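Reader: I have the sequence and the model open side by side, and I would like to go through the fold with you. Could you begin with a single residue and then widen the view?

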Amino acid sequence: MPADIERYRQFAASRVEQLEHEDRSLRRWLIMVRIGSWPLQIISIVFPVAAGSFSLADLPADSALVPMFSFIGAAAVALHRGLNCDAYQSAYKRTTQAVRSIIEDYECISAVADEKVADALKKAEARLHELRATSNDVPPRRRKALATATAA
């Protein structure tokens with residue numbers, strides 16, 4: 001029985017390493033989505049305001065500034081909505097928070113009493129399974145690795 005408990009704790013430690021790697025990856029993607037989203041949001045605000053300012057100014061009748069700035073602002077709005085940046089950003093935030101919480105569950109396994117290790121591991125595995133089942137967060141490479149691991 002003590003050998004099983006030690007194996008469970010080692011398994012939990014390996015899960016912590018795996019999930020920390022996944023957490024770093026999710027955080028990188030969240031940063032990328034934010035970096036891509038901010039310019040689109042700024043352009044969609046600033047360019048229409050500039051177009052309105054230009055339309056109030058005494059510009060020559062053949063000036064292309066107003067339609068050009070209006071078009072660029074509208075294109076930025078369409079691109080931001082079309083890429084669904086806000087939804088991706090929210091999904092990455094939720095998934096990152098869930099992964100961090102599950103990591104804490106696995107880290108706590110090293111501190112619980114021996115008789116509670118198996119139950120704590122089952123709870124952490126259930127939460128991880130639920131996250132995997134509800135969040136389309138299984139990249140193709142990990143899915144392929146899982147398929148070959150289960151086939152072997």
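**A loop residue, then the helices**

Author: Asn-84 is partly exposed, with a relative accessible area of 40%. On this scale buried means under 20% relative accessible area, exposed means over 50% and partly exposed lies in between, with a 1.4 Å probe and protein chains only. Please keep in mind that this is a predicted model, in which local features need pLDDT of at least 70 and side-chain atom pairs count only at pLDDT 80 or more, while totals for chains, interfaces and linings use all residues. Residues are numbered from 1 along each chain as its sequence is written, and side-chain values use heavy atoms, with hydrogens and water left out.

Reader: Okay, and where does Asn-84 sit?

Author: Asn-84 is in the loop between α2 (65-82) and α3, where helices (H or I, at least four residues) and strands (E, at least two) are DSSP runs numbered from the N terminus. Its phi is near 60°, a positive value in a residue other than glycine. Most residues other than glycine have a negative phi.

Reader: Zooming out, how many helices and strands does the protein chain have?

Author: The protein chain has five helices and zero strands, and along the sequence the pattern reads α-α-α-α-α. Of its 152 residues, 26% count as buried. Among contacts (heavy atoms within 4.5 Å) with a separation of 6 or more, residues 24 or more positions apart account for 78%.

Reader: Let's take α1 and α2. At what angle do their axes cross?

Author: They cross at roughly 155°, and the axes come within 8 Å; axes here are lines fitted to C-alpha atoms, for helices over the stretch in contact, and angles run from 0 to 180 degrees between N-to-C directions. The two helices are therefore roughly antiparallel to each other, since angles over 145 degrees count as roughly antiparallel, those under 35 as roughly parallel, 65 to 115 as roughly perpendicular and the rest as oblique. The crossing of α1 and α2 is left-handed, a label used if the near helix is turned anticlockwise from the far one by less than a right angle, with right-handed used if clockwise.

Reader: And which residues meet there?

Author: On the α1 side they include Leu-40, Ile-43, Phe-47 and Phe-54, and on the α2 side they include Phe-69, Ile-72, Val-77 and His-80. The residues of this contact divide into 14 nonpolar, seven polar and no charged. Ala, Val, Leu, Ile, Met, Phe, Trp, Tyr, Cys and Pro count as nonpolar, Asp, Glu, Lys and Arg as charged, and the others, Gly among them, as polar.

Reader: You mentioned His-80. Is His-80 buried or exposed?

Author: His-80, which lies in helix α2, counts as buried because its relative accessibility is 10%. Not counting residues up to four places away in sequence, His-80 touches Ser-37, Leu-40, Gln-41, Cys-85 and Asp-86.

Reader: What about Ile-45, buried or exposed?

Author: Ile-45 is in helix α1 and counts as exposed, at 55% relative accessibility. Its C-alpha atom and that of Gly-73, 28 residues apart along the chain, are separated by 7.0 Å.

Reader: Switching topic: how do α3 and α4 pack?

Author: Their axes are 9 Å apart at an angle of about 165°, and α3 and α4 are therefore roughly antiparallel to each other. This contact involves, among others, Val-99, Ile-102 and Tyr-106 of α3 with Leu-121, Leu-128 and Leu-131 of α4. By class it has eight nonpolar, two polar and three charged residues.

Reader: Then which way do α1 and α4 run, roughly parallel or roughly antiparallel?

Author: The axes of α1 (residues 2-56) and α4 (residues 117-134) cross at roughly 30° and come within 10 Å, and these helices are therefore roughly parallel to each other. The contact includes Ile-5, Phe-11 and Leu-19 of α1 with Val-117, Leu-121 and Leu-128 of α4. Its residues divide into nine nonpolar, one polar and five charged.

Reader: Last one: which residues have the most contacts inside the largest nonpolar core?

Author: They are Leu-19, Val-99, Ile-102, Tyr-106 and Ile-109, in a core of 18 residues. A nonpolar core is a set of buried Ala, Val, Leu, Ile, Met, Phe, Trp, Tyr and Cys residues joined through side-chain atoms within 4.5 Å. Two or more residues come from each of α1, α3 (85-108) and α4, and α1 gives the most, with seven residues. Leaving aside neighbours within four places in sequence, Ile-102 is in contact with Leu-19, Ala-124, Arg-127, Leu-128 and Leu-131.
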